[in-house]
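Trainee: Could you take me closely through one part of this model, and then follow the contacts and charged pairs that lead outward from there?

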Amino acid sequence: MSSTTKPAVPNVVLQSSFNMPVIGFGTASETNDGDTVKAAAIEAIKLGYRHFDTASCYGSEQALGEAIAEALKLGLISSRNELFVTSKLWLSDNHPHLVLPALQKSLQNLGLEYLDLYLVHFPMSAKPEIRKFFYKEDELVPFDLKGVWASMEQCHNLGLAKSIGVSNFSTKKLQDLLSFATIPPAVNQVELNLSWQQRNLREYCKAKGIMVTAYSPLGANGTSWGSNDVMDSEVLKQIAHVHGKTIAQVSLRWLYEQGVTFAVKSYNKERMKQNLEIFDFSLTNDDYQKINQIKQERKVKNGPAGFDVADLLWDGEN
């Protein structure tokens, strides 16, 4: 592949009938600053990324919006419609009366008229006046899923979110949601990588027509919540060597072959480029036999709670 050729990133069709690029460019970082995010997003568009994943709690919406405006100005894209932009509703706004204002705030930050996908970030709610990433027990309040989802459906009906979905939802929580939803969630974005393969959840989502998007697809090495289990795996190192690929490319190829989408975050130009170059090889049966032996462990145990809520969040699921 020449340096000027952009890899063609395939789309999946969501049950909302909209196309979503398989590979998303993630903007979640513990050290986000606007200039870095903006420069990285512009570079990502140049390389061929068309799906961008942000959230109100990431602090990256405004910089991403500026990057999109700059890309349009530079002619890197001819229309905003060429991009697929995802953002998410945070815990402090996870209340029926705050969903629409929160989405409107995200759109204002991004400088956009609509989102392609709006997600409920976690099945948890915090007191509206307390906005931070990690919450104490007395700062959380009961989560009104039915009321919040009705407001999410309103956002869709108003044309402000083409598709709506959820994030960090267990099978049990999806069952609860589907029991009353008029519009089913198009996407469930969850922790998913070779050291946490989520087979049962993936099977359930597939049966219900819910597209799974993986976050931390490479294990989020270097973050407070991640690990090096994927990137330091000897098994993956062997597989990568055989294919002449990187461990990251093998890991992302595995996700693609599972029929899921993923948001991968790197602001390093060479790795950003490599993360797109996964469509020119396939994993073998031998590769899969090795992959199936990888030890499984969830890394994001308590989500945004600074105390043990794993059973509350994941309903005791493995």
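Mentor: Let us begin with strand 12 and its pairing: strand 11 (residues 211-215) runs parallel to strand 12 and is joined to it by two bridges. Helices (H or I, at least four residues) and strands (E, at least two) are DSSP runs, numbered from the N terminus, and two strands pair if DSSP finds at least two bridges between them. This is a predicted model, in which local features need pLDDT of at least 70 and side-chain atom pairs count only at pLDDT 80 or more, whereas totals for chains, interfaces and linings use all residues. Residues are numbered from 1 along each chain as its sequence is written, and side-chain values use heavy atoms, with hydrogens and water left out.

Together with Tyr49, Phe52, Tyr118, Met152 and Leu236, Phe262 touches the most other members of the largest nonpolar core, which has 81 residues. Such a core is a set of buried Ala, Val, Leu, Ile, Met, Phe, Trp, Tyr and Cys residues joined through side-chain atoms within 4.5 Å. A second core, separate and of eight residues, includes Leu91, Met124, Ala126 and Leu140.

Nine of the eleven residues of helix 8 (residues 247-257) are buried, among them Gln249, Arg253 and Trp254. Their cover includes strand 11, strand 12, helix 6 (199-208), helix 7 (234-243), helix 9 (269-274) and helix 10 (285-291). After helix 8 comes glycine 259, with a positive phi near 80 degrees.

The structure holds nine salt bridges, each a side-chain nitrogen of Lys or Arg within 4 Å of a carboxyl oxygen of Asp or Glu. In one of them, lysine 269 meets glutamate 43 at 3.7 Å, N to O. Because lysine 269 lies in helix 9 and glutamate 43 in helix 1 (residues 34-47), this pair ties together parts 226 residues apart in sequence. Lysine 269 is exposed, at 52% relative accessible area, whereas glutamate 43 is buried, at 18%.

Another salt bridge joins lysine 88 to aspartate 53 (2.7 Å, N to O). Lysine 88 is in strand 5 (residues 84-89) and aspartate 53 in strand 4 (residues 51-53), so parts 35 residues apart in sequence are tied together. Lysine 88 and aspartate 53 are both buried.

Beyond four places in sequence, tyrosine 118 contacts Lys88, Leu89 and Met152, among others. Histidine 121, in the loop between strand 6 (115-120) and strand 7 (125-126), is buried at 6% relative accessible area.

Technical notes: Buried < 20%, exposed > 50% of the residue type's maximum accessible area, 1.4 Å probe, protein only. Contact = heavy atoms within 4.5 Å.
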